[in-house]
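The sequence and the model are shown below.

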Amino acid sequence: MRAPAHPEIRESVRALCAKYPGEYWRKLDRDRAYPKEFVDELTSAGMLAVLIPEEYGGSGLGLSAAAAILEEIHASGANGGACHAQMYTMGTILRHGSAEQKQRFLPGIASGELRLQAFGVTEPSAGTDTTAIRTTAERRGDRYVVNGQKVWTSRAEHSDLMLLLARTTPKDKVAKKTEGLSVFVVDMRKAKGLTIKPLRAMMNHATTEVFFDDLEVPAENRIGEEGRGFRYILDGMNAERILISAECIGDMRWFVEKASAYARTRVVFGRPIGQNQGIQFPIARAYADGQAAALMVREALDLYEAGEPCGPQANMAKMLAADASWKAAEACLQTHGGFGFAEEYDVERKFREARLYQVAPISTNLILAYLAEHVLDLPRSY
Ligand SMILES: Cc1cc2nc3c(=O)[nH]c(=O)nc-3n(C[C@H](O)[C@H](O)[C@H](O)COP(=O)(O)OP(=O)(O)OC[C@H]3O[C@@H](n4cnc5c(N)ncnc54)[C@H](O)[C@@H]3O)c2cc1C
């Protein structure tokens with residue numbers, strides 16, 4: 001394997017994460033609380049602004065720097081879910097916003113003064129079929145009036161702004177169902193007609209349901225052209241999938257290291273359990289799968305940073321890395337036997353956290369359907 005990219009950044013992330021050991025995450029998990037101190041420290045270290053160009057106060061680095069940060073956070077036993085969206089949600093403004101919008105939002109996001117880490121796309125009735133969303137934004141003079149509901153809007157309680165996808169033209173009045181959707185930056189600090197309800201989930205993810213009841217959004221907060229929002233959201237998907245795959249690689253490393261360390265020292269029947277092939281093979285296989293997945297993540301990052309199309313690689317990286325982290329999670333839990341279920345080992349917490357990536361931000365079935373249709377030229381299945 002080539003040496004990992006951005007060794008200095010990785011070293012600083014490891015040093016920062018070392019201040020937030022298992023006990024810190026365990027307590028938050030128990031209380032379903034937000035890792036404010038951890039996120040604040042990442043913010044002041046500039047870690048969440050690496051993708052923002054220097055002219056707006058960020059460090060203007062490529063996606064591989066963000067991937068290195070998230071991988072190391074996860075490899076340390078921590079979780080980037082609390083803050084990863086602050087890194088990349090702004091990409092929609094950067095790519096499709098006006099010069100005025102970039103000036104208005106990006107410097108504040110770079111400094112952390114403005115938190116843009118809520119992303120309102122998923123709805124209860126639409127699910128993965130995004131064009132079926134029912135939240136509407138109706139233009140009235142210089143504003144839009146939003147009505148509807150989102151679900152799984154993570155970090156909404158810890159964000160100032162939300163990137164919102166809503167329908168501006170009814171589905172039966174557009175030629176293609178992907179048209180007529182628009183993207184808005186909603187300032188949740190001043191919002192009337194916005195209700196956020198925490199959604200207690202399997203893991204500590206600060207996720208919520210959000211209800212819009214005649215919420216007014218100034219027209220100047222619409223990003224890009226009206227009706228082209230679906231395309232703008234799709235444009236950010238490759239970056240998100242690659243970054244999530246880097247988190248999965250981090251998880252895989254944590255599980256493999258944790259499992260190996262335990263297997264070396266736990267003695268049963270007078271010898272370390274790691275001497276048994278039944279214990280060492282699943283760990284070795286998870287490691288091999290993880291290394292192969294890491295190569296695909298690297299390939300997707302190289303293409304992305306070169307400005308080349310990378311849809312298939314970004315999707316394959318996400319799927320293979322999520323599968324590798326899940327296999328490693330399973331091997332780690334099994335290696336720990338009963339102690340794998342005890343909170344104090346952190347294995348059960350990471351196990352619950354790693355399961356998410358089979359489903360979100362895109363489920364494995366939908367990745368396979370994408371590859372079948374767009375790479376293998378098979379008939380569309382949905
Ligand atoms: C903890 C958490 C945090 C999240 N954070 C956010 C967020 O911040 N913002 C946001 O917008 N969303 C968020 N999501 C939503 C997430 O993106 C969706 O859960 C995910 O895209 C799947 O959608 P769904 O849950 O509606 O499943 P559904 O679309 O109902 O699918 C259910 C199952 O059916 C399968 N399926 C559906 N259609 C097909 C098909 N045609 N072929 C084969 N299989 C199919 C899926 O693969 C899945 O396994 C989050 C979800 C979770 C759990």
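Which residue stands opposite Val-185 in E5? In this predicted model the residue opposite Val-185 is Leu-163. The model being predicted, local features need pLDDT of at least 70 and side-chain atom pairs count only at pLDDT 80 or more, while totals for chains, interfaces and linings use all residues. Residues are numbered from 1 along each chain as its sequence is written.

Helices (H or I, at least four residues) and strands (E, at least two) are DSSP runs, numbered from the N terminus. Two strands pair if DSSP finds at least two bridges between them.

| Strand paired with E4 | Sense | Bridges |
|---|---|---|
| E1 (residues 116-120) | parallel | 4 bridges |
| E5 (residues 181-187) | antiparallel | 7 bridges |

A residue is buried if 20 or more other C-beta atoms, placed from the backbone, lie within 10 Å of its own. Strand E4 (residues 161-167) is largely enclosed by the rest of the structure, because 7 of its 7 residues are buried. Leu-161, Leu-163, Leu-165 and Arg-167 are buried on one side, and Met-162, Leu-164 and Ala-166 are buried on the other. In a regular strand the side chains alternate between the two faces of the sheet.

The chain as a whole has 12 helices and 10 strands. Of its 382 residues, 45% are buried. The C-alpha trace spans about 80 × 50 × 35 Å along its principal axes.

Methods
A residue is buried if 20 or more other C-beta atoms lie within 10 Å of its own, exposed if 12 or fewer, and partly exposed in between; C-beta atoms are placed from the backbone.
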